Amino acid sequence: MYLPPHDPHVDDPMRFKPLFRIHLMERKCATVECMYGHKGPHNGHIQIVKKDEFSTKCNQTDHHRMSGGRQEEFRTWLREEWGRTLEDIFHEHMQELILMKFIYTSQYDNCLTYRRIYLPPSSPGDLIKPGLFKGTYGSHGLEIVMLSFHGKKAKGTKITGDPNIPAGQQTVEIDLAHPLQLPDVENLRDFSELSRIVLEAQEQVRREEQEQQQEEEEEEEDHPQAASQPAAKPLGGEDAEGEETAAGAEGMTQDKASGSQPFVLPMGVISRNEDYPRSCRICFYGTGLIAGHGFTSPERTPGVFVLFDDDRFGFIWLELKSFSLYSRIKVSFQNAQAPSREAFEEMLKNIQSLAT
């Protein structure tokens with residue numbers, strides 16, 4: 001299992017923890033050992049469920065328990081998972097969230113299901129190389145997010161989750177067609193100024209979506225038979241021009257992304273990591289997913305995607321007045337590339353449906 005570094009050190013390397021091991025014996029026999037807990041390897045079981053999926057089960061769960069009971073287990077987990085003791089955490093809300101995470105994860109330490117995930121495919125026009133990133137999520141600590149590009153959109157999908165937003169959900173969506181021009185540093189310190197810029201972009205996006213929907217409805221009324229059939233894509237004409245325009249917009253975005261501008265968080269915006277870069281390449285309008293405990297009342301709220309460099313980006317959650325900093329995971333995963341873009345898109349749908 002790859003664990004993120006201790007909060008809030010997003011630039012530190014991932015931590016590695018063995019979960020099980022298999023001994024191959026003669027005559028095609030094998031023994032499985034569970035590595036969970038602190039009493040050494042013990043008897044386990046592996047079952048192949050279906051393609052790209054398998055389950056492990058521990059047959060000696062008493063090896064996971066500690067002599068000091070749940071309290072000792074919680075304190076040990078806290079040191080390993082968070083790199084601190086309960087006495088270090090003064091914030092009552094954070095204590096509650098950490099306890100919830102411990103209770104949730106310890107329920108499933110004896111039986112786990114594994115499903116294959118693909119790394120996102122890359123294209124020459126991508127803003128940066130897609131992949132896995134470590135991100136700060138306030139009192140939830142560090143979480144793993146997959147950044148992928150889909151035409152004029154970029155998506156951040158949670159690979160690890162928390163009591164509010166589970167793994168598989170789309171934590172942020174970036175609108176690459178709507179770059180934001182931030183004010184100079186002095187004016188950027190004023191949260192109300194940033195809020196005005198973002199809400200104006202939100203209104204513009206809303207108007208464009210309404211206009212597009214209206215055009216589609218009018219086209220369907222004028223040509224009902226054509227609307228019911230997939231449109232042919234000619235080599236020339238409107239579609240080709242549209243693609244050319246999109247490519248031109250991407251080129252402009254790439255030009256802007258190559259420069260840099262001073263950056264500072266507005267007053268009142270909370271960041272777990274104050275060691276964020278003080279210059280950025282480009283910013284875009286985006287939305288972030290927030291919800292109550294247990295993924296109740298989920299809603300997408302406006303925010304700012306901030307690209308710092310090839311390996312780091314940030315997201316300002318406007319409604320929460322919070323900032324998440326993301327840093328690329330540089331572990332080399334073999335055989336993790338998707339066989340096709342369609343296979344990757346299908347995987348994204350599957351992990352989202354599991355979370356829902």
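This is a short walk through one protein chain, from its overall make-up to a few single residues.

First, the ground rules. The model is predicted, so local features need pLDDT of at least 70 and side-chain atom pairs count only at pLDDT 80 or more, while totals for chains, interfaces and linings use all residues. Residues are numbered from 1 along each chain as its sequence is written, and side-chain values use heavy atoms, with hydrogens and water left out.

Start with the whole chain. The protein chain holds seven helices and 18 strands. Helices (H or I, at least four residues) and strands (E, at least two) are DSSP runs, numbered from the N terminus. The chain has 356 residues, and 40% of them are buried. Buried means under 20% relative accessible area, exposed means over 50%, and partly exposed is in between, with a 1.4 Å probe and protein chains only. The accessible surface is about 20700 Å². Carbon and sulfur atoms account for 51% of that surface. Those areas come from the Shrake-Rupley method with a 1.4 Å probe; for residues, only the protein chains shown count as cover.

Now contacts, meaning heavy atoms within 4.5 Å. Take the contacts between residues at least 6 apart in sequence: 55% of them join residues at least 24 apart.

Which residues have the most contacts inside the largest nonpolar core? They are Leu-180, Phe-263, Val-304, Ile-316 and Phe-323, in a core of 26 residues. A nonpolar core is a set of buried Ala, Val, Leu, Ile, Met, Phe, Trp, Tyr and Cys residues joined through side-chain atoms within 4.5 Å. Helix α4 gives the largest share, six residues.

Look at Phe-263. Leaving aside neighbours within four places in sequence, Phe-263 contacts residues including Leu-182, Val-185, Leu-188, Tyr-276, Pro-277, Val-306, Phe-308 and Ile-316.

Val-198 is buried, at 0% relative accessibility. Not counting residues up to four places away in sequence, Val-198 touches Leu-180, Tyr-285, Pro-302, Gly-303, Val-304 and Leu-318. Take Pro-302: 104 residues separate Val-198 from Pro-302 in sequence, yet their C-alpha atoms are 7.1 Å apart.

Next, a helix pair. Two packed helices are described by the angle between their axes and the distance between the axes. How do α1 (residues 69-82) and α2 (residues 92-106) pack, and at what angle? The angle is about 105°, and the axes are 11 Å apart. Axes here are lines fitted to C-alpha atoms, for helices over the stretch in contact, and angles run from 0 to 180 degrees between N-to-C directions. The two helices, α1 and α2, are therefore roughly perpendicular, a label for angles of 65 to 115 degrees.

Who meets whom? On the α1 side, the residues include Phe-74, Trp-77, Leu-78 and Trp-82. On the α2 side, they include Met-94, Ile-98, Leu-99 and Phe-102. The contact residues divide into eight nonpolar, two polar and four charged. Here Ala, Val, Leu, Ile, Met, Phe, Trp, Tyr, Cys and Pro count as nonpolar, Asp, Glu, Lys and Arg as charged, and the others, Gly among them, as polar. Ile-103 also lies in α2. Ile-103 is partly exposed, at 43% relative accessibility.

The peptide bond from Asp-7 to Pro-8 is cis, with omega near 5°. Pro-8 sits in the loop between β1 (2-3) and β2 (15-16). Strand β2 also holds Arg-15. The C-alpha atoms of Arg-15 and Leu-3 are 4.9 Å apart, with the two residues 12 apart along the chain. Arg-15 is partly exposed, at 22%.

Phe-295 has one of about 60°, and Asn-335 has one of about 55°. Phe-295 lies in the loop between β15 and β16. Asn-335 lies in the loop between β18 and α7 (341-355). Buried or exposed? Phe-295 is buried, with a relative accessible area of 19%. Asn-335 is exposed, at 71%.

Definitions and conventions: Angles under 35 degrees count as roughly parallel, over 145 as roughly antiparallel, 65 to 115 as roughly perpendicular and the rest as oblique.
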